[in-house]
Amino acid sequence: MQNFTDEIIKMEGNMTLPILAIRGLVFFPGMMLQFDITRKKSVLAASEAIARDRLIFLVSQVHMSENEPVGDDLYKIGVIARVKQVLHHTSDGAKLHVEGLCRGEIMSLVQEDPYLVGNIVKCPVLTYKKSYRSEALIRIIHQKFDDYLRLFKHVPPDVLLGVLQEKDCGRLADYITANISIDFERKQYILDELRPLKRMQKLIAVLTEETQILQVENEINQKAQAQIDENQREYFLKEQLRAITSELGEDDNPQQEADEIKGKVLSLKLPKVCEEKLLKECDKLYRMPSGSHEASVIRLYLDTCLELPWHKASKEKLDLKRAQKVLDRDHYGMEKVKERFIETLAVRSLAPAQTGQIICLVGPPGVGKTSIARSIAQATGRKYVRVSLGGVSDEAEIMGHRKTYVGSMPGRIINAVKQAGVNNPLLLLDEIDKLGTNFKGDPASALLEVLDPEQNGEFTDHYIDMPFDLSQVLFITTANDASRIPGPLYDRMDIIELRSYTLEEKLNIAMKHLVRKQLDKHGVKPSQLKFTRTGMRQLIDGYTREAGVRTLERHIAAICRKVAKMIVTDEEFKSYTVRQDKLEELLGPRKYMKDNVSKEDIVGLVNGLAWTSVGGELLPIEVAVMEGTGKIQLTGSLGDVMKESANAAITCIRTRAAELGISPKFYEKYDIHVHAPEGAVPKDGPSAGTAMATAITSALCGIPVRHDVAMTGEITLQGRVLPIGGLREKSMAAYKNGVKTVLFPADNLPDLADIDPIVKDNVQFIPIKKIDSALENALQYMPMPLPQETTVIQAEVVKAPASGYACDSGPQQRSYQ
């Protein structure tokens, strides 16, 4: 006790302390308490207190329902406490052991985020003069507490001993208030009082009121107990319930309700296992009073089961021509997806019992994965329901909760089927690659049964606890990144990739779909707002850089809003045409410029091709050769794979230096600097290897590279060109930037079928197998090889020409047959 008092005396009058808001609890000075904290602000406040002097201010919330309390949500008077121990600390919270030191008052809040901090003033510890009055108050409080104990039997014996030992009025009032069962508002009423004698008077009033309430409760319990006979307990309970419901005007008959539900169960003609389980629940309901909590749980469970479409199905439309027409009307392109679903309809028409495979649409955001699923539902005559899986980390979200838990409910799959009202809807599982995992289970594993055609005929939700047939449901899933889908789940799905749109595809989508959609949405007539194709092309090329068309649609909506304003404010307005020269007036300066492609042949500059999440891009590769000691410098935010490609390209050139007329000792006398412009943009991948090898050869030999040639391909030490990905997007980037020839790996020849026709008409594609083919097509001319008989001997004496190139053949042009 002496240490406790000394610590209070040492405390400053005005302190800045972290504040911990507590709900439904009032803390008093001198109390030792252990409690859990789970809110982020509370955990941070406790951590700050531990990191400093372990002092923290505990104060009660005015409203328990407030999750993020601020100044007005807290009482002013609280307790300055010391954190004695943190019993355990996890990411979900902690358990604190604290000791109350003295009362304190919040004068002002210093901060509210990320946790509460306030200016706290220690409340003065008021003393009083012992007198007959104080002694009388202590005796009265002892008597009132004894009356309370006779009616409330749950107070521990050590509390009674503590009350008898305490002689100070203030501390006695605090001790008794902290250990009696009253609501927190009345406890705060006692805590707010600083004067000891006045605090005692308030507690006497509270105890008197609480004793009277307990007396009434005991009288009610005694009267009810007197009416119960042990041999007829169930009969009397039902009679009491009937009398109460009659008095309240609620004449529900649980027996009649159970009989009605039983009739509905029998009329459904369910499988024997399901029917027996539901009838058993009806029997339980029959024997229970309607007002009991368990009866409400059973009633909700039966209602949920009866609402499921056990045998109700919508008529599926298998007209292939109609389906094709609907898909073509709503979406431009996406031929693979459309063809896949037309094939599914054809199989369904020949083999109606065939369930088919689960389809997963994988592609970047905004390419139409969700909207194509809605169109498929319309084309096939199925009900459409979307289930978002992004961020779902609880297995019970998929499989449901056991009905014995409070607030239990079915999982998202069964809820979606119930929402559809039929057992054969089109169910879209959106963002399946963004499922989470934590201690509550793995929802991806829970989906294995849902998405397996061999198992989902008897899918068992934990809440329903009966098998339900999902085999007639057409499941479509979507994902942005297929690599993030767990392997077993990936194996159960048929993956269809939706690639990013080309410029021509975006142009057609905008002119045929987006403009019409936004005109209808903004109330603008087609005659009042028109887009030229050149204007739309400039809008796509200069104001958007994305894989899909979401940003494009937002820009079209912005233009519609501006024109709508013109229509309303200008009485003479007739029509507005969006041309290329009017875009800056509508949307401001152009945001994206074309890649800076050189218009002349330059030594050491090669046009590479890169793939990004928003499409293809031109990736210039620059190489400079300088006299030095053989250092190799790689710049431009290159990733590890790209750096390895650069080193492989240099080694490849060294192995054929004599064939290219390059001094075999160039790596000892010259420094090579490889750079990819736009150094702030990270770059990685092996597909720039061929471009690097060509640029290095050009720089060493002093031979310019054709500016209208672009290339892609991974290079090996032996000069082989390996296949790459994203040829379709890369070729579109080459076409947009005026490239006339694209060199690509010969192993990628099958990918030419996916190239846009307009690109094929304007760009020449040359397959290459080795670096020699790339050099022949990219360099203005091939260098002269070194004489074979002097290659080794002259390697020690070869000097770079005056131009600074390491090529013995010099920059003179030569022709080769």
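## Salt bridges, enclosed spaces and a buried aspartate

Arg412, with a relative accessibility of 29%, counts as partly exposed, a class that lies between buried (under 20% relative accessible area) and exposed (over 50%), judged with a 1.4 Å probe on protein chains only. This is a predicted model, in which local features need pLDDT of at least 70 and side-chain atom pairs count only at pLDDT 80 or more, while totals for chains, interfaces and linings use all residues. Residues are numbered from 1 along each chain as its sequence is written, and side-chain values use heavy atoms, with hydrogens and water left out.

The chain has 28 helices and 26 strands, which are DSSP runs numbered from the N terminus (H or I of at least four residues for helices, E of at least two for strands). Of the 817 residues in the chain, 47% are buried. Among contacts (heavy atoms within 4.5 Å) between residues at least 6 apart in sequence, 74% join residues at least 24 apart.

The chain holds 36 salt bridges, each being a side-chain nitrogen of Lys or Arg within 4 Å of a carboxyl oxygen of Asp or Glu. Three of these pairs are set out below.

| Salt bridge | Closest N and O atoms |
|---|---|
| Arg412 and Glu397 | 2.9 Å |
| Arg329 and Asp330 | 2.9 Å |
| Lys418 and Glu307 | 3.8 Å |

Lys418 in helix 16 (residues 412-420) and Glu307 in helix 11 (residues 293-307) are 111 residues apart, so that their pair links distant parts of the chain; Lys418 itself is partly exposed, at 26% relative accessibility. Arg329 and Asp330 are both partly exposed, Arg329 with a relative accessible area of 43% and Asp330 with one of 24%. Glu397, the partner of Arg412, is likewise partly exposed, with a relative accessible area of 29%. Elsewhere, Asp183, Arg186, Glu209 and Glu210 are linked in a network of salt bridges.

Asp73 is found in the loop between strand 3 (55-60) and strand 4 (77-90). Although Asp73 is buried, it has no salt bridge, and the nearest side chain of opposite charge, that of Lys41, is 8.3 Å away. Leaving aside residues up to four places away in sequence, Asp73 touches Gln61, Val62, His63, Glu66 and Glu68.

The second largest pocket has a volume of about 680 Å³. Its lining is made up of 26 residues, of which His331, Gly368, Ser371, Lys517 and Glu553 lie nearest the centre. Helix 14 (369-380), helix 19 (503-522) and helix 21 (550-569) each supply at least two residues of this lining, which divides into eight nonpolar, nine polar and nine charged residues.

The structure also holds six cavities of 30 Å³ or more. On a 1 Å grid over the protein atoms alone, a cavity is a set of points where a 1.4 Å probe fits but cannot get out, whereas a pocket is an open set with protein on both sides within 12 Å along at least five of seven lines, and lining residues have an atom within 4 Å of a point. About 100 Å³ of space lies in the second largest cavity, which is lined by 13 residues, with Glu316, Thr344, Arg348, Arg382 and Leu474 nearest its centre. Helix 13 (335-350) and helix 14 are the elements that give two or more residues to that lining, and helix 13 provides the largest share, four residues. By residue class, the lining of the second largest cavity divides into five nonpolar, five polar and three charged; in this grouping Ala, Val, Leu, Ile, Met, Phe, Trp, Tyr, Cys and Pro count as nonpolar, Asp, Glu, Lys and Arg as charged, and the others, Gly among them, as polar.

How values were computed. Lys, Arg positive; Asp, Glu negative; His and termini not counted. Points joined across faces, edges and corners; volume = space filled by probe spheres on them.
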